[in-house]
Amino acid sequence: LGAALPIQNLVPGQQVAYIQQAEVSGYEGIWVPEVMGTDAFTILAAASQVTQGLRLGTGIVPIYTRTPTTLAMTIATLDALSGGRAVLGLGVSSEIIIGAWHGLPFPKPLGAMREAVDIIRRLLRNERVTTEGTFFRVRNLRPNVPVSTDRTIPIYIGALNPGMLRLAGAIADGVILNWMPAMHVPRAIEAIASGAQRAGRTLADIDIACYIRACVTDDLEAARQWMRRELTGYAIVEAYHAYFTACGFGADSTACREAWQQGDRAGATRCISDTMVHAMAAIGSAEACRTQLAAFVDAGVTLPIVFPFSYEA
């Protein structure tokens with residue numbers, strides 16, 4: 001089994017140096033997220049020039065902020081620069097990011113994801129594409145992306161809820177889980193397997209990746225406080241609130257959202273319980289963190305993505 005390290009809260013030069021260190025430290029891949037700071041593809045392109053074997057994944061980029069055509073061109077370029085090490089991790093992001101920050105429509109996620117993946121795959125095979133979808137349209141495009149005929153660039157889908165998990169099982173090479181307690185991994189895998197079966201595939205066809213926040217520390221309370229702040233930022237988003245509720249943390253998430261909506265930011269953070277924090281992260285001694293990471297593998301995760309954080313950052 002491999003692991004990967006996402007990059008955040010670092011300037012570009014530090015990110016590239018961090019990726020180099022990840023390879024030296026024995027990680028099999030790096031997954032670079034994209035929210036509002038550095039963009040994933042530029043960092044990965046730079047990293048491709050100073051690493052040799054590390055898989056380079058976007059983890060994740062939204063399907064709405066770039067057209068499927070642009071996504072295909074960009075991931076193909078990264079793959080060529082890296083000698084065939086690119087992985088395209090896609091997600092739908094959130095209404096706040098897509099609507100408020102980018103000023104773009106936020107259409108129904110399942111249909112949009114299905115259409116985007118189909119177009120990207122066809123373009124990466126250098127097929128002529130004409131499609132009049134509900135969400136994406138391409139007319140008479142003959143691509144010339146730099147992907148050889150014997151290379152298939154893997155596409156992973158970031159998924160939270162059953163519908164997207166089933167879709168990932170049906171069409172993706174891998175699924176990226178996020179903010180998931182180990183005890184809920186089997187439920188997610190059941191949905192992935194259901195989607196795979198309907199599409200004539202098996203679970204063995206799909207890599208099960210999962211972001212796992214981790215902090216090796218003696219100061220448990222400081223690490224918990226960092227996690228409470230992070231979880232608050234997600235709990236106020238409707239899709240994550242529904243997801244946290246399904247994971248059994250509806251009381252925490254609801255109280256957090258209500259406090260936030262009343263303008264009580266500090267109170268919102270305090271609503272996140274220690275139980276929720278420790279379900280979502282590996283915190284403590286190195287041995288304790290290893291044990292918590294192993295629980296995800298035992299639950300069925302085939303690619304743990306170690307997401308290190310520091311409360312001092």
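I began with two helices, and H1 passes H2 in a right-handed crossing. For handedness I look at how the near helix is turned from the far one: clockwise by less than a right angle is right-handed, anticlockwise is left-handed. Helices here are DSSP runs of H or I with at least four residues, strands are E runs of at least two, and both are numbered from the N terminus.

A note on the source: this is a predicted model, in which local features need pLDDT of at least 70 and side-chain atom pairs count only at pLDDT 80 or more, while totals for chains, interfaces and linings use all residues. Residues are numbered from 1 along each chain as its sequence is written, and side-chain values use heavy atoms, with hydrogens and water left out.

**Entry: H1 against H2**

I looked up the geometry next. H1 covers residues 12-24 and H2 residues 40-48; they pack at an angle of about 50 degrees, and their axes are 9 Å apart. That angle makes H1 oblique to H2. The axes are lines fitted to C-alpha atoms, for helices over the stretch in contact, and the angles run from 0 to 180 degrees between N-to-C directions. Under 35 degrees counts as roughly parallel, over 145 as roughly antiparallel, 65 to 115 as roughly perpendicular, and the rest as oblique.

Which residues make the contact? On H1 they are Pro 12, Gln 15, Val 16 and Ile 19, and on H2 they are Ile 43, Ala 46 and Ala 47. Contact here means heavy atoms within 4.5 Å. I sorted these residues by type and got 6 nonpolar, 1 polar and no charged. A handy reminder: an α-helix has 3.6 residues a turn, so residues three or four places apart point the same way.

**Entry: aromatic pairs**

I searched the whole structure for aromatic pairs and found 9. Rings of Phe, Tyr and Trp (its six-membered ring) pair if their centres lie within 6.5 Å; planes under 30 degrees apart are stacked, over 60 edge-to-face, and the rest tilted.

One of the pairs is Trp 31 with Tyr 156, which is tilted, at 5.2 Å centre to centre with 50 degrees between the planes. Trp 31 sits in strand S2 (residues 29-32) and Tyr 156 in strand S8 (residues 155-158), so this pair ties together parts that are 125 residues apart in sequence. Buried or exposed? Trp 31 is buried at 2% relative accessible area, and Tyr 156 is buried at 3%. Buried means under 20%, exposed over 50%, and partly exposed in between, using a 1.4 Å probe and protein chains only.

I also noted Tyr 243 with Phe 244, a tilted pair with 5.8 Å between centres and 45 degrees between planes. Tyr 243 is buried at 1%, and Phe 244 is buried at 0%.

Trp 179 lies in the loop between S9 and H7, and it is buried, at 0% relative accessible area.

**Entry: helix H6 and its neighbours**

I checked H6 (residues 162-171): 7 of its 10 residues are buried, so it is largely enclosed by the rest of the structure. Among the buried ones are Met 164, Leu 165 and Ile 171. The buried residues of H6 pack against helix H5 (109-124), S8, strand S9 (174-177) and helix H7 (185-198).

What does Gly 158 touch, leaving out residues up to four places away in sequence? Its contacts are Ile 60, Leu 90, Met 164 and Ile 176. Gly 158 is in strand S8 and is partly exposed at 22%. Ile 60 lies in the loop between strand S3 (55-58) and strand S4 (61-62), and a cis peptide bond joins Gly 59 to Ile 60, with omega about 0 degrees.

Asn 126 has a positive phi of about 55 degrees, although it is not a glycine. Asn 126 lies in the loop between H5 and strand S6 (129-132) and is partly exposed at 27%.

Glu 127 lies in the loop between H5 and S6 and is partly exposed at 30%. Not counting residues up to four places away in sequence, Glu 127 touches Arg 122, Leu 141 and Pro 143. I also looked up Glu 127 and Arg 142: they are 15 residues apart along the chain, with 6.5 Å between their C-alpha atoms.

Key
Nonpolar A, V, L, I, M, F, W, Y, C, P; charged D, E, K, R; others polar.
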